[in-house]
Every structure is written in structure tokens, then in C-alpha cells.
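Subject: Handover of a structure and summary of findings

Dear colleague,

Please find below the structure that I am handing over to you.

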Amino acid sequence: MNGPQDLGGQMGFGPIAPEKDEPYFHAPWERRALGVTLCAGGMGAWNIDESRHARESLHPADYYSSSYYQIWIKALEILLKRHGFVSERDLRVGEAIDPAATPKRVLKAENVPAVLAKGGPCDRPVETVPRFKAGDSVRTKNFNPTGHTRLPRYARDKNGTIEAVRDGFVFPDSNAHGQGENPQWVYTVVFDGTEIWGEGADPTLTVSIDAWESYLEPA
């Protein structure tokens, strides 16, 4: 989706200034925000793609004025309300007032290490053979969806080369909206810097992305 999160190549935001020796958390509430988000996801009501789309759906003014974990918490409120775990009144007063949905499962403290170690694998078998192979010239499609997508805006309608064929993976564009996993082959695609950034780009640079098969067509 062409949301505020898709900043590749955007001007006016200043330079990237990595924080030296940056801690994992800048305040105790951020640690709690991460824990609450992971536990809520463990209830099984939504998947990682729906979670990402909830963050992308924040209004740009809200998104840009929020810190990383503020964005997480605001998106979590959206998900919890959408799936009936909290109401607007609950959030407004800070306690449970209205009846709530029952979670499919509850992540208990003693199970957290094993659950985190397992992760959430998204690789899946694909019934078809890969459409492309390493070395093929491809062009990414030019589309501007209102829903979730993992094709960056800066890499749309661009010519590139297949560097590697990866495995089959859940298709985020459908999975984020309850339309099924629809696994597809994923490819690593390499673009010349001038193809992405145009005239004046450093000709020695390349940009690589991982792209689902339906994002690509023969060049």
C-alpha cells in the first residue's frame, strides 16, 4: 500500500543518523509494548501481514509523529478493536468494561522462550514450477494498491535481473486481508542504481529486493 511507511527515495526527511550503541529499548514502556504486542499476536486472531497493514494504515501525520513502538501500540489498538478484544470505551477509560471475544489461545510466560525460538515460518510448498530462473531479465509491475503489498513503491515499473530463486512463501498481499496464504515463489531481483534512482545516481550501486512471482513479468 502507498502508505507513510513506504519511504524509499522520499525527499525532505533529512539524513539517516544511526544512534551509536543504541539500546534495544529507550524506555521501560517500549519493552512492555513489545511484550504486549507479541502476546496479543499469540492469541491467533491475526497474522503478521495483517499486523503490518494495521501499522501502514495509520494516518501519515500520526505515523510520522510517532516513535517506533508508538506505531506498534496504535496498530495493536486497531487490531484488538477489529477482532473484538477491546472496545473504544475500554481504551478510553483504561480498563475492561464491555464484553470481549475469547482468544483462541493464551501465551503463558513459561512458554514464551519456546514460542520465540520457533518463530513464525512463512515458507510453504508451491505446486507450480518457478516461472523465472537466475539470470532472467524481468520488470516489476506498476500498481498502487490500497491494500498490503511487499513490493516497495521505488521498485515498481523497473527493469532488473533475477539473482536467485528462493522458496515458496505466503503471499502477503492476500494474507493480510483474510484471503488465504496463496503461496508463491520468491525471487531476489537486482536493479542498477540508475534504474532505481535515475540520472545522477551512483552507477556502481545496485539495489536488491525479494519479490513474489506475481510482482514480476518478463522484461
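Contact, as used in this message, means heavy atoms within 4.5 Å. By that criterion, and not counting residues up to four places away in sequence, Asn-175 touches Asn-47, Asp-49, Val-170, Gly-180 and Glu-181. Asn-175 lies in helix 7; helices (H or I, at least four residues) and strands (E, at least two) are DSSP runs, numbered from the N terminus. Asn-175 is buried, with a relative accessible area of 12%. Buried stands for under 20% relative accessible area, exposed for over 50%, and partly exposed for values in between (1.4 Å probe, protein chains only).

Two remarks on the basis of these values are in order. This is a predicted model, in which local features need pLDDT of at least 70 and side-chain atom pairs count only at pLDDT 80 or more, whereas totals for chains, interfaces and linings use all residues. Residues are numbered from 1 along each chain as its sequence is written, and side-chain values use heavy atoms, with hydrogens and water left out.

Domains in the record

UniProt, in an unreviewed entry, places the feature "domain: Nitrile hydratase beta subunit-like N-terminal" at residues 1-105. That span is 47% helix and 0% strand, and its end C-alpha atoms lie 30 Å apart. The feature "domain: Nitrile hydratase beta subunit" is placed by UniProt, again in an unreviewed entry, at residues 121-218. Here the span is 9% helix and 35% strand, with 29 Å between the end C-alpha atoms. UniProt positions are given in the numbering used here, feature names are shortened, and annotations may be inferred rather than shown by experiment.

Helix 2

Helix 2 (residues 48-56) is mostly covered, as 7 of its 9 residues are buried. The buried residues include Asp-49, Glu-50 and His-53. The buried residues of this helix pack against helix 3 (60-64), helix 4 (68-82) and helix 7 (172-175).

An open sheet of 5 strands has the order 4-3-2-1-5, with antiparallel pairing; two strands pair if DSSP finds at least two bridges between them. Strand 4 (206-212) and strand 5 (216-218) stand at the edges, each with a single partner strand, so one side of each has no neighbour in the sheet. On average, neighbouring strands of this sheet are turned by 40° against each other, direction ignored; the axes are lines fitted to C-alpha atoms, for helices over the stretch in contact, and angles run from 0 to 180 degrees between N-to-C directions.

Strand 2 (residues 159-169) and strand 3 (residues 184-192) pair in the antiparallel sense over 6 bridges. Thr-161 stands opposite Val-190 in strand 3, and Ala-164 stands opposite Thr-188 in strand 3. Strand 3 and strand 4 pair in the antiparallel sense over 7 bridges, and Val-186 has Trp-212 in strand 4 as its bridge partner. Strand 3 is mostly covered, with 8 of its 9 residues buried.

Aromatic rings

Rings of Phe, Tyr and Trp (its six-membered ring) pair if their centres lie within 6.5 Å; planes under 30 degrees apart count as stacked, over 60 as edge-to-face and the rest as tilted. By this rule there are 12 aromatic pairs. Tyr-68 and Tyr-69 form one that is edge-to-face, at 5.0 Å centre to centre and 85° between the planes. Tyr-68 is exposed, with a relative accessible area of 53%, whereas Tyr-69 is buried at 10%. Ring pairs link Phe-25, Tyr-68, Tyr-69 and Trp-72 into a cluster.

Yours sincerely
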